[in-house]
Amino acid sequence: MMCKSKKKKDSKHETNFMNSSSAFPDEVLERVLSMVKSRKDRSSVSLVCKEWYNAERWSRKNVFIGNCYSVTPEILTRRFPNIRSVTLKGKPRFSDFNLVPANWGADIHPWLVVFAEKYPFLEELKLKRMFVTDESLEFLAFSFPNFKALSLLSCDGFSTDGLAAVATYCKNLTELDIQENGIDDKNGNWLSCFPESFTSLEVLNFANLNNDVNFDALEKLVGRCKSLKTLKVNKSITLEQLQRLLVRAPQLCELGTGSFSQELTCQQHSELKRAFNNCKSLHTLSGLWVASTQYLEVLYPACTNLTFLNFSYAPLDSEDLSKLLVHCPNLRRLWVVDTVEDKGLEAVGTYCPLLEELRVFPADPFDEGVAHGVTESGFIAVSEGCRKLHYVLYFCRQMTNAAVATVVQNCPDFTHFRLCIMTPGQPDYLTDEPMDEAFGAVVKNCTKLQRLAVSGSLTDLTFEYIGRHAKNLETLSVAFAGSSDWGMQCVLYGCPKLRKLEIRDSPFGNAALFSGLGKYESMRSLWMSDCKVTMNGCRFVAQERPRLNVEVINEEGGDDSRAERVYIYRSVAGPRRDAPPFVLTL
Amino acid sequence: MENSLVNHETELNLKATELRLGLPGCDEVNKLQCNFSILRSNKRSSSEISTEVDSMSKSKLNTSNGSEITSHDDQDNAPPSKAQIVGWPPIRSYRKNNLQQKKGESEVGMYVKVSMAGAPYLRKIDLKFYKSYSELLKVLENMFKCTFGEYSEREGYNGSEFVPTYEDKDGDWMLIGDVPWELRIMKGSEAKGLGCF
């Protein structure tokens with residue numbers, strides 16, 4: 001191994017080694033550095049000196065690119081020759097909410113073409129918000145003989161045909177993880193494409209695909225993949241089928257159940273119970289799409305070691321959730337739908353003292369008055385019982401300043417605080433005041449706060465608080481908030497670690513935009529849509545900061561002077577060469 | 001020219017407290033594109049106004065069953081409804097589609113484009129969610145950060161720069177509130193524009 005790495009070095013490198021006053025041989029340095037995993041640490045390492053920079057780049061196996069347009073595949077492969085795993089994020093996050101038109105970009109294909117040449121030994125690809133076609137998936141399957149792990153989240157452009165290509169040709173595949181994508185779900189045939197000789201699968205997640213798969217093929221696949229640790233099936237799998245899968249894979253650590261609804265005979269019921277009983281290693285459970293809650297109790301024996309329960313697609317009520325949570329004392333992460341209501345959240349507070357993360361999703365985000373959902377009481381109840389809570393995503397219809405203040409007093413360790421009061425601009429429902437004090441309390445109490453999403457009626461005061469107190473804040477999401485440019489200025493001046501700022505429908509204009517001129521190059525990106533920024537304002541930023549890409553998306557027929565949607569990000573790649581006509585690079 | 005809206009006026013029960021923009025049992029309801037616009041009320045002549053709205057795409061709304069209407073007063077205390085603003089609440093499409101499938105409810109909304117004079121960006125709202133004009137107006141006021149002032153039958157909207165209007169099926173520009181709350185859903189192909197001035 002040492003000889004190999006020596007061969008790869010160019011002569012200049014060897015000269016440096018010879019002349020180096022350091023007594024530390026490069027091979028040793030590289031070996032040591034290969035154990036440095038943290039991105040930030042590796043970055044620091046590369047800045048120490050030229051030898052360390054080189055040792056780091058040769059020894060690096062994984063690379064994470066938070067914005068695919070910040071760098072080109074050519075620049076990447078030139079610097080890092082030995083990459084085995086690439087994580088790429090593409091579109092701005094608000095594209096998840098339809099704020100970015102289709103065909104915006106973030107096509108994976110040009111990357112794959114370069115990787116096929118420079119990283120033929122590529123093993124892992126994790127993509128988020130990228131555009132991926134079936135052709136690209138086929139190209140992937142053919143180009144990388146050692147390819148092992150594919151993870152797609154919030155991507156679009158492909159169909160189940162692409163998955164079929166991966167299943168057919170990736171002989172060494174260990175992971176196929178398909179989550180919440182805009183996939184053209186044609187049929188379930190892809191699953192039958194895994195050859196009978198194929199046994200290497202460790203992770204299979206097709207929970208978010210809807211069509212039936214050939215159960216026989218699935219059962220055999222699960223049976224012969226002895227290293228299978230994660231299996232997340234889709235709604236089409238019945239309870240009886242689930243039982244048969246569990247019998248073949250009692251070693252599972254992560255399970256996504258099917259629909260969990262079916263009428264079972266007594267025998268089937270006890271067989272199912274036994275199957276779950278035998279799953280001693282389960283730490284993550286998800287699914288329960290339809291959940292005839294009749295059979296929830298079969299889960300109880302498997303819950304003792306559960307650390308992550310993802311019921312974000314299971315509309316359970318408070319009673320069912322409570323009965324289940326009694327058996328989950330080790331729960332660290334819980335995702336639920338707000339059908340569990342405040343009572344369900346009280347149960348969370350009571351039975352899950354080790355909880356660190358809670359996400360509550362709305363069952364009826366657009367409904368009127370029929371759905372109750374959760375309120376400030378549920379939030380408080382969780383905070384009282386779960387003092388270690390540090391991550392919350394909470395969709396609700398009403399909130400008060402006092403409640404949020406109580407929550408953060410109970411749980412001062414929040415690193416991620418995402419509160420979504422679902423009616424835009426809604427005040428404290430008891431006092432009718434803005435929600436400024438709520439978020440003020442959050443930033444004052446939670447000194448470790450990294451990510452914040454605000455909502456409700458908010459004036460500039462909220463942003464004054466954020467600028468003054470949120471010294472570790474890295475990501476801020478703002479919608480329908482603020483009173484003037486001053487608000488955004490406070491954040492730009494006050495938050496030294498800010499990396500991502502995304503704002504929609506808020507009264508921030510050019511003055512606010514300009515306040516960040518000294519900051520944008522130290523950030524990953526800025527998104528502003530439906531604010532008060534103008535084209536001239538954007539042009540000014542582009543002019544003053546040539547190392548930023550300043551892109552504007554304008555709808556047809558709009559006012560030419562307005563910049564409806566602005567996306568500003570640092571890049572060493574220069575302006576996009578693949579921008580569609582509706583994206584104007586200034 | 002028969003104005004179907006005027007015909008319905010006499011048949012409607014003004015005491016009904018609940019407005020249902022009920023989708024008919026038939027499956028012909030399509031997602032329609034309509035336009036509202038909020039223009040400055042500078043007491044312009046109608047010809048000026050119509051040129052401004054010319055550029056908007058047109059569609060008509062028409063329900064096949066009559067909807068009940070409600071008097072404006074009843075709804076004044078209702079909280080402003082959640083406008084179905086694009087991308088709000090911030091939930092991924094996959095989740096949205098999944099919820100709606102589960103409910104088995106008809107997915108069709110009555111989407112209307114709303115534009116405001118002087119503001120370049122169009123917004124989209126789903127009329128399905130509003131029970132009365134005053135609810136709709138509160139939401140539009142919120143969305144565009146403007147006020148329409150007090151409505152009276154005689155004087156229209158008093159005390160504000162902005163006036164909400166729509167274009168009825170005959171191409172006439174109507175002040176929101178002039179006829180009782182009533183919309184009918186028709187085939188998209190026969191739809192015509194709603195605009196405000």
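A salt bridge is a side-chain nitrogen of Lys or Arg within 4 Å of a carboxyl oxygen of Asp or Glu. Keep that rule in mind for the first stops. The model on your screen is predicted.

**Stop 1: salt bridges**

Select Glu502(A) and Arg93(A). They form a salt bridge, with the closest N and O atoms 2.7 Å apart. The pair links distant parts of the chain. Glu502(A) is in strand E19 (residues 500–504) of chain A, while Arg93(A) is in the loop between E2 and H7 of chain A, 409 residues apart. Is Glu502(A) buried or exposed? Its relative accessibility is 9%, so Glu502(A) counts as buried.

Now select Lys273(A) and Glu297(A). Their side chains meet in a salt bridge at 3.8 Å, N to O. Lys273(A) lies in helix H12 (residues 266–277) of chain A. Glu297(A) lies in the loop between strand E11 (284–286) and strand E12 (308–310) of chain A. The pair therefore ties together parts that are 24 residues apart in sequence. Lys273(A) is partly exposed, with a relative accessible area of 38%. Glu297(A) is partly exposed too, at 24%.

Move on to Arg499(A) and Glu474(A). Here the salt bridge spans 3.0 Å, N to O. Arg499(A) sits in the loop between helix H19 (485–494) and E19 of chain A. Glu474(A) sits in the loop between helix H18 (460–469) and strand E18 (475–479) of chain A. These distant parts of the chain are 25 residues apart. Arg499(A) has 27% relative accessibility, so it counts as partly exposed. Glu474(A) has a relative accessible area of 14% and is buried.

Next, pick Arg42(A), Glu56(A), Arg60(A) and Arg79(A) together. A network of salt bridges links them. How many salt bridges are there over all chains? The count comes to 30.

**Stop 2: aromatic rings**

A pair of aromatic rings is described by the distance of the centres and the angle of the planes. Over all chains there are 25 aromatic pairs. For one of them, select Phe94(A) and Trp527(A): this pair is edge-to-face, 6.2 Å centre to centre, with 80° between the planes. Phe94(A) is in the loop between strand E2 (85–89) and helix H7 (109–118) of chain A. Trp527(A) is in strand E20 (residues 525–529) of chain A.

**Stop 3: charges over rings**

Select Lys444(A) and Tyr465(A). The charged end of Lys444(A) sits over the ring of Tyr465(A), 4.3 Å from its centre. Then bring in chain B. Arg95(B) lies over the face of Tyr313(A), at 4.2 Å from the ring centre.

**Stop 4: a strand with two faces**

Select strand E1 (residues 62–65) of chain A. Which residues make up its covered face? They are Val63(A) and Ile65(A). The uncovered face has Asn62(A) and Phe64(A). E1(A) pairs with E2(A) in the parallel sense, over four bridges. Find Phe64(A) again: Thr87(A) in E2(A) stands opposite.

**Stop 5: a surface patch**

Finish with Phe24(A), Val28(A) and Val32(A). They make a nonpolar surface patch of about 230 Å². Phe24(A) is in the loop between helix H2 (11–19) and helix H3 (26–33) of chain A. At 40% relative accessibility, Phe24(A) counts as partly exposed.

Key:
Residues numbered from 1 in each chain as written. Chains lettered and ligands numbered in written order. Predicted model: local features only at pLDDT ≥ 70, side-chain atom pairs only at ≥ 80, totals over all residues. Heavy atoms only, no water. Patch = residues over 30% accessible without salt bridge, like charges linked within 9 Å, V, L, I, M, F, W, Y side chains within 5 Å. Areas by Shrake-Rupley, 256 points an atom, 1.4 Å probe, with all protein chains shown as cover. Buried < 20%, exposed > 50% of the residue type's maximum accessible area, 1.4 Å probe, protein only. Phe/Tyr/Trp six-rings, centres within 6.5 Å; stacked < 30°, edge-to-face > 60°. Lys NZ or Arg CZ within 6 Å of the ring centre and 35° of its normal. Pairing = 2+ DSSP bridges.
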